[in-house]
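Student: I would like to learn how to read a structure like this one. Could we go through it feature by feature?

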Amino acid sequence: EGRGESSAWCFYDEGMTASARERIALEAKLRLAMGLGQMQLYYQPQVDIASGRIVGAEALLRWNDPQEGFISPARFIPVAESSGLIGPLGEWVIHEACRQAQAWRMQGLPEVSVAVNVSPHQFLLTDVAGCTARALQSSGYSAQALELEITESALAERPDEALAVLRKLRELGVRLAIDDFGTGYSSLAHLKRFPIDVLKIDQGFIRDIPHNGDDMAISRAIIAMGRSLDLQVLAEGVETVQQLDFLRSNGCDAFQGYLCSKPLPAAEFAALLAGSGGT
Ligand code: C2E
Ligand code: CA
Ligand code: CA
Ligand code: CA
């Protein structure tokens with residue numbers, strides 16, 4: 001061991017072990033945090049471009065660890081996916097988002113829809129339709145105001161099963177959005193086949209507008225396609241007035257991004273909504 005040809009393997013194994021160890025540690029920590037109720041949802045406004053009004057909120061998971069501070073969902077969602085924790089975590093997210101949205105409604109705040117992210121494993125391997133039905137039932141929130149965001153990869157992997165799940169969700173009355181649109185594959189086939197309501201243009205296409213002509217062409221094409229298929233189109237990651245002007249002049253319906261607000265704790269979102277002069 002540690003000599004000649006085998007040393008490369010030895011090095012490789014140690015690398016694997018370190019990352020596996022880290023993953024297992026994070027998984028244990030996540031399990032604990034979930035048990036202690038340390039997970040939170042933040043809400044990012046979704047703005048109707050024509051009226052400038054806040055019409056929705058995307059619920060985004062936040063994990064504030066007492067030692068490490070905020071741990072990014074980009075880091076812990078993959079761990080939740082591979083460990084199976086995404087089942088209970090995803091269920092909590094749907095229940096909490098519905099509970100919160102119904103509470104806002106009871107407080108008399110302007111009506112907004114709430115969008116919830118559903119990861120590929122959660123979509124394909126857990127009973128997401130049953131879970132959604134229970135969340136609507138226990139919260140009293142209306143299905144029509146709930147939107148579930150699914151990525152193309154969840155649809156592409158096993159299209160027949162995906163279609164069956166989408167149909168069940170559609171029967172409940174919830175709206176369905178394709179998240180990160182344009183970054184997956186066979187997008188056009190999905191659009192034709194699946195009962196989708198909203199396309200969310202990935203922020204990667206928005207970021208370099210107005211400097212990148214290709215990104216502008218792609219965004220324009222997505223908006224045009226969405227409109228002709230009678231889908232709502234929302235652009236993500238809008239940070240500048242120039243980007244918003246571009247989207248408006250090309251007929252995009254809605255946007256999310258730091259230009260309006262970053263994701264906010266529930267109370268701050270409610271305050272923004274109350275002061276936004278909606279209905
Ligand atoms: P996503 O669903 O594509 O969410 C959009 C991400 O972009 C969020 O990052 C949001 O904070 C960020 N963002 C919003 N506006 C801007 C902007 O103007 N500029 C830039 N640079 N970024 C912006 P976040 O909250 O860190 O979430 C990352 C990803 O983690 C999400 O991407 C989603 O895939 C996943 N995620 C978050 N919450 C959940 C959840 O409850 N369930 C599941 N399954 N996944 C989640
Ligand atoms: Ca999303
Ligand atoms: Ca997205
Ligand atoms: Ca994304």
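Student: Which residues is Leu 247 in contact with, leaving aside its neighbours within four places in sequence?

Tutor: In soluble globular proteins, nonpolar side chains tend to be buried together. In this predicted model, Leu 247 is in contact with Ile 49, Ile 206, Ile 223, Ala 235, Val 238 and Cys 252, once those sequence neighbours are left aside.

Student: Which residues of the largest nonpolar core touch the most other members?

Tutor: That core has 80 residues, and Leu 247 belongs to the group with the most such contacts, along with Tyr 43, Phe 123, Leu 146, Leu 169 and Phe 269. Helix H3, residues 86–106, gives the most to this core, with eight residues.

Student: How many cavities of 30 Å³ or more does a search of the whole structure find?

Tutor: The search finds one. The largest cavity has a volume of about 50 Å³. Its lining includes Ala 101, Trp 104, Arg 105 and Tyr 141.

Student: What are the protein donors of the calcium ion (ligand 4)?

Tutor: Both entries are Asp 180 (OD), lying 2.9 to 3.1 Å from the ion. Asp 180 also coordinates the calcium ion (ligand 3), and the two ions are 3.6 Å apart. Asp 180 sits in strand S6, residues 175–181.

Student: What pLDDT does the chain average?

Tutor: The average is 92, and 92% of the residues score at least 70. Over residues 1–7 the pLDDT is below 50, and beyond near neighbours in sequence this stretch has three contacts in the model. For the complex, the predictor gives an ipTM of 0.97 and a pTM of 0.93.

Methods. Residues numbered from 1 in each chain as written. Chains lettered and ligands numbered in written order. Heavy atoms only, no water. pLDDT = per-residue confidence, 0-100. Contact = heavy atoms within 4.5 Å. Donors = N, O, S within 2.8 Å, 3.2 Å for Na, K, Ca; no water. Helix = DSSP H or I, 4+ residues; strand = E, 2+ residues; numbered from the N terminus. Core = buried A, V, L, I, M, F, W, Y, C linked by side-chain atoms within 4.5 Å. Buried < 20%, exposed > 50% of the residue type's maximum accessible area, 1.4 Å probe, protein only. 1 Å grid on protein atoms, 1.4 Å probe; cavity = no way out; pocket = protein on both sides within 12 Å on 5 of 7 lines; lining within 4 Å. Points joined across faces, edges and corners; volume = space filled by probe spheres on them.
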